Amino acid sequence: MNEEKLNELLGKMVTELGAAYIGASVILGDQLGLYKALAADDGLTSQQLAERTGTTERYIREWLSAQAASGYIDYEAANQTFHMTPEQAMVFANDDSPVIMTGGFYTLQSVYADVPRMAEAFRTGKGLGWGEHCNCLFCGVAKFFGPGYRANLVASWLPTLDGVVPKLQTGGKVADVGCGHGISTVLMAQAFPNSQFFGFDYHPASIEQARAFAKEQNVANVSFEVAAAKSYPGQNYDFVTCFDCLHDMGDPVGAAAHVRETLNSDGAWMIVEPMAQDDLANNLNPVGRIYYAASTMICLPTSLSQEVGLGLGAQAGEAKLRDVVTQGGFSRFRRATETPFNMILEARP
Ligand SMILES: C[S@@+](CC[C@H](N)C(=O)[O-])C[C@H]1O[C@@H](n2cnc3c(N)ncnc32)[C@H](O)[C@@H]1O
């Protein structure tokens with residue numbers, strides 16, 4: 001036993017436990033409008049923040065102290081006020097910011113709540129379907145992925161695909177498969193009013209949300225339907241997209257074959273997947289850590305709950321994804337672009 005190494009690990013665990021605890025307070029801060037109220041002012045006491053948000057001072061004082069100890073907000077000891085820097089506001093308060101992080105914490109609520117069911121799944125090998133998780137998983141995914149899609153999808157990702165933007169500008173037929181709450185579908189529909197967008201997901205509650213979102217955004221060239229990736233309706237699509245969902249599917253090869261079947265011969269399939277290297281050793285980093293942990297509790301059980309149950313996992317890597325796509329009948333496959341969190345893959349018939 002090396003005492004120095006033990007102390008190093010224990011030191012790290014102090015940070016880890018703090019992070020695991022503060023997550024719940026981040027959700028409260030978002031839900032109760034605490035970050036937004038703080039960011040809107042130069043500095044507030046706990047009493048002032050409680051008054052502005054219709055909450056109770058004693059709870060707010062504790063919450064503020066936890067946030068300040070986390071470095072999520074700043075504390076001014078001289079006048080006992082709390083405030084947020086512009087950077088902190090971008091991460092916690094501003095919903096339009098490309099780096100707002102609060103959404104990710106909602107999914108944790110569902111992950112922790114699922115521990116008993118996952119212990120059972122570990123023993124039996126059975127899966128846990130997407131719709132069986134608690135509701136905060138779906139809203140958390142939409143809240144967490146939405147800002148990245150808003151920042152990157154239309155401006156950076158689509159232009160890297162061969163001929164897709166001109167096609168969408170003149171008018172194309174697009175399927176967004178595994179669309180969840182339809183954030184990506186609506187974003188594309190808004191950017192390309194001459195094209196027609198069809199969002200599909202096998203989870204009925206997500207499709208309901210997607211329809212409500214499209215209505216709220218007043219977008220007419222989009223519709224949503226409950227359908228599995230292997231059997232969604234329609235033919236002659238010019239463009240098919242899969243955002244962070246191919247690895248969640250039980251039979252991604254079957255899904256790829258259906259995309260191939262429903263895509264025009266000059267069409268393109270964009271697959272957005274979590275950033276990963278092909279081997280475990282190279283994924284042992286902070287981003288890989290988040291994805292492996294999420295995959296254990298969310299992606300893998302979703303896949304194992306479905307037919308075939310291939311269980312790619314969220315860190316499948318490009319080589320395995322290439323196999324899936326080519327087994328589905330696609331002849332060309334490339335990484336079009338990437339961010340620290342995502343690989344943007346393009347497949348062609
Ligand atoms: C991580 S979420 C991503 C949702 C959305 N694309 C986004 O980026 O916000 C994965 C989605 O895949 C859907 N899904 C999983 N397996 C599916 C299947 N076989 N067919 C259709 N949708 C599926 C789930 O219901 C869920 O909405």
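**A pair of packed helices**

Reply: In this predicted model, α1 passes α4 in a left-handed crossing. Helix α1 covers residues 3-31 and helix α4 covers residues 57-70, and the two pack at an angle of about 120° with their axes 11 Å apart. Angles over 145 degrees would count as roughly antiparallel and those from 65 to 115 as roughly perpendicular, and α1 and α4 are therefore oblique to each other.

On the α1 side the contact is made by Ile22, Ser25, Val26 and Gly29, which meet Trp63, Ala66, Gln67 and Ser70 in α4. The residues of this contact divide into 4 nonpolar and 4 polar, with no charged residue among them.

Val26, one of the α1 residues that meet α4, is also touched by Thr102, whose other contacts, leaving aside residues up to four places away in sequence, are Asp30, Tyr35, Val91 and Phe92. Thr102 has its place in helix α6, which spans residues 102-113. Because buried means under 20% relative accessible area, Thr102, at 1% relative accessibility, counts as buried. Thr102 and Leu28 are 74 residues apart in sequence, while their C-alpha atoms are 9.9 Å apart in space.

Conventions:
Residues numbered from 1 in each chain as written. Predicted model: local features only at pLDDT ≥ 70, side-chain atom pairs only at ≥ 80, totals over all residues. Heavy atoms only, no water. Axes fitted to C-alpha atoms, helices over the stretch in contact; angles between N-to-C directions. Helix = DSSP H or I, 4+ residues; strand = E, 2+ residues; numbered from the N terminus. Parallel < 35°, antiparallel > 145°, perpendicular 65-115°, else oblique. Left-handed = near helix turned anticlockwise from the far one by under 90°. Contact = heavy atoms within 4.5 Å. Nonpolar A, V, L, I, M, F, W, Y, C, P; charged D, E, K, R; others polar. Buried < 20%, exposed > 50% of the residue type's maximum accessible area, 1.4 Å probe, protein only.
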